[in-house]
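Please open the model in your viewer and keep the selection panel at hand. We will go from stop to stop, and at each one you will hear what to select.

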Amino acid sequence: MDFIMRALVVFMVGFCLPAHLGAQLEVGFYDDKCAAAESIVEEEVRGALNVNSGFGAGLIRMHFHDCFVRGCDGSVLIDSTGSNRAEKDSPANNPSLRGFEVIDRAKLRLEGTCKGVVSCADILAFAARDSVQVLSGFYYDVPAGRRDGRVSLASEADTNLPPPVFTLSQLTQFFAAKGLTQAEMVTLSGAHAIGRSHCTSFGNRLYSFNTTTAQDPSLDPTYAAQLRKQCPQNPNATLVVPMNPAAPYSLDNSYYSNILANRVLFTSDQTLLSSSSTAGLVSQNSRSPYLWLNRFADAMIKMGQIGVLTGNAGEIRSNCRVIN
Ligand code: HEM
Ligand SMILES: *[C@@H]1O[C@H](CO)[C@@H](O)[C@H](O)[C@H]1NC(C)=O
Ligand SMILES: *[C@@H]1O[C@H](CO)[C@@H](O)[C@H](O)[C@H]1NC(C)=O
């Protein structure tokens, strides 16, 4: 029953999307080209998360950062070379993005099994889905058939990825520019139930909020005091704290109750209470884990179709770090 519902939702999302948002992707794309593709990715993701669950958060975020810069074309995976600073070396990604080795291992096995068939962009979309499944128990089918891009520029990551100091209207604009609604932005932000943040990403809210107020008054003072202990002023750039200390690796709707308790790390999180419509979605999501997970899967599927390359566009990279 659940399977039929999911299939229906996938169909309807695909049906309702404008053609440029990748209606050409299809569930089961590799069934007749490389039948083991999705199971090989899943094995590698499960193996990696067994060792360190943090890779799950890393892979979900990596898919988002791939899709927001030049579409979901695997451009985030490309290494910098000589004069070219690639996306992964933008401050939005370096040093925080993690999980590249998981994609490399899956790609290596896939090239052994079906040479030149499975794109890096699809591997990343599958790996994000598999991470969601391991960390939430919730599964969704991923439409596939993406091809890999040949360009990766740090400057484009700088300008397309929303920074944590953004307000609601800025976030809404950035997501709208990618064809995502404000409600989908609220839904996708729920991924901040898992993983970690570097102290440097929110230190402004503890020490230098604005010219008159050092500590952001919208941050729960007890939580702020705890964070100041973990993150001193001028912290070591490698220092991190869990996004949700109560359950750092459980992908559920806890993000929304944390917002309501003023216990979230970023301005971009707390700002979701600043309009009545987004505040309404926050409280709705906080009350129903299953409702949120369904919304999250749908929004991930839609995000996964942003600006995709299909058909003969792009290429199938043989090494995800290097264009052919
Ligand atoms: C709404 C705008 C968003 C902003 C401003 C934002 C910002 C950030 C920042 C600053 C971090 C911490 C990075 C660090 O210092 O280590 C982070 C982590 C994370 N973000 Fe977002 N994010 C946004 C939306 C999303 C979306 C749409 C997703 C996925 C659907 C996502 C998934 C994650 C995950 C899973 C982590 C933890 C990563 C890890 O543990 O390695 N974020 N985000
Ligand atoms: C600083 O932030 C506080 C709390 O949000 C606010 O009341 C105040 O107006 C802000 N000051 C400036 C100069 O922006
Ligand atoms: C920052 O922390 C890392 C890991 O704990 C350590 O290797 C490094 O020396 C530290 N750097 C500074 C400047 O303290």
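The tour below moves from the domains to the cores, the iron site, a helix pair and some single residues.

**Before you select anything**

This is a predicted model, in which local features need pLDDT of at least 70 and side-chain atom pairs count only at pLDDT 80 or more, while totals for chains, interfaces and linings use all residues. Residues are numbered from 1 along each chain as its sequence is written, chains are lettered from A and ligands numbered from 1 in the order in which they are written, and side-chain values use heavy atoms, with hydrogens and water left out.

**Stop 1: the two domains**

Colour residues 19-161 as domain 1 and residues 168-297 as domain 2; such bounds come from an automatic or database domain assignment. Their C-alpha centres lie 24 Å apart. Domain 1 brings 17 residues to the contact, and domain 2 brings 17 residues as well (contact means heavy atoms within 4.5 Å).

**Stop 2: the cores**

Now select Met 62, Ile 103, Leu 251 and Met 303, the residues with the most contacts inside the largest nonpolar core, which has 73 residues. A nonpolar core is a set of buried Ala, Val, Leu, Ile, Met, Phe, Trp, Tyr and Cys residues joined through side-chain atoms within 4.5 Å. Buried means under 20% relative accessible area, exposed over 50%, and partly exposed in between, using a 1.4 Å probe and protein chains only.

Helices (H or I, at least four residues) and strands (E, at least two) are DSSP runs, numbered from the N terminus. H5 gives the most, with nine residues. Both domain 1 and domain 2 give residues to this core, so it lies between them.

Apart from this core lies another one of 13 residues; select Leu 206, Leu 219, Leu 227 and Met 243 among them.

Return to Met 62 and show its surroundings. Leaving out residues up to four places away in sequence, Met 62 touches Val 76, Leu 77, Leu 97, Arg 98, Gly 99, Phe 100, Ile 103 and Leu 124.

**Stop 3: the iron atom**

Which residue is the protein donor of the iron atom of ligand 1? Select His 192: its NE2, at 2.0 Å, is the only protein donor. Donors are N, O and S atoms within 2.8 Å of the metal (3.2 Å for Na, K and Ca), and water is not among the atoms, so sites may look incomplete. You will find His 192 in the loop between H8 and strand E1 (196-198).

**Stop 4: a helix pair**

Show H13 (276-287) and H14 (289-303), which pack at an angle of about 115 degrees with their axes 5 Å apart. Axes are lines fitted to C-alpha atoms, for helices over the stretch in contact, and angles run from 0 to 180 degrees between N-to-C directions. To see the contact, select Leu 281, Gln 284, Asn 285 and Arg 287 of H13, then Pro 289, Leu 291, Trp 292 and Arg 295 of H14. These contact residues comprise four nonpolar, two polar and two charged. Ala, Val, Leu, Ile, Met, Phe, Trp, Tyr, Cys and Pro count as nonpolar, Asp, Glu, Lys and Arg as charged, and the others, Gly among them, as polar.

**Stop 5: Phe 166**

Phe 166 sits in the loop between H6 (154-160) and H7. Buried or exposed? At 12% relative accessibility, Phe 166 counts as buried. Beyond four places away in sequence, Phe 166 touches Leu 171, Phe 174, Thr 267, Ser 268 and Thr 271.

**Stop 6: backbone details**

Go to the loop between H3 and H4 for Pro 95. The peptide bond from Asn 94 to Pro 95 is cis, with omega near 15 degrees.

Next comes Asn 234, in the loop between H10 (221-230) and strand E2 (240-242). Asn 234 has a positive phi, near 50 degrees, in a residue other than glycine, and is exposed, with a relative accessible area of 73%.

Finish at Asn 262, in the loop between H11 and H12 (267-270). Its phi is positive too, about 60 degrees, although Asn 262 is not a glycine; at 28% relative accessibility, Asn 262 counts as partly exposed.
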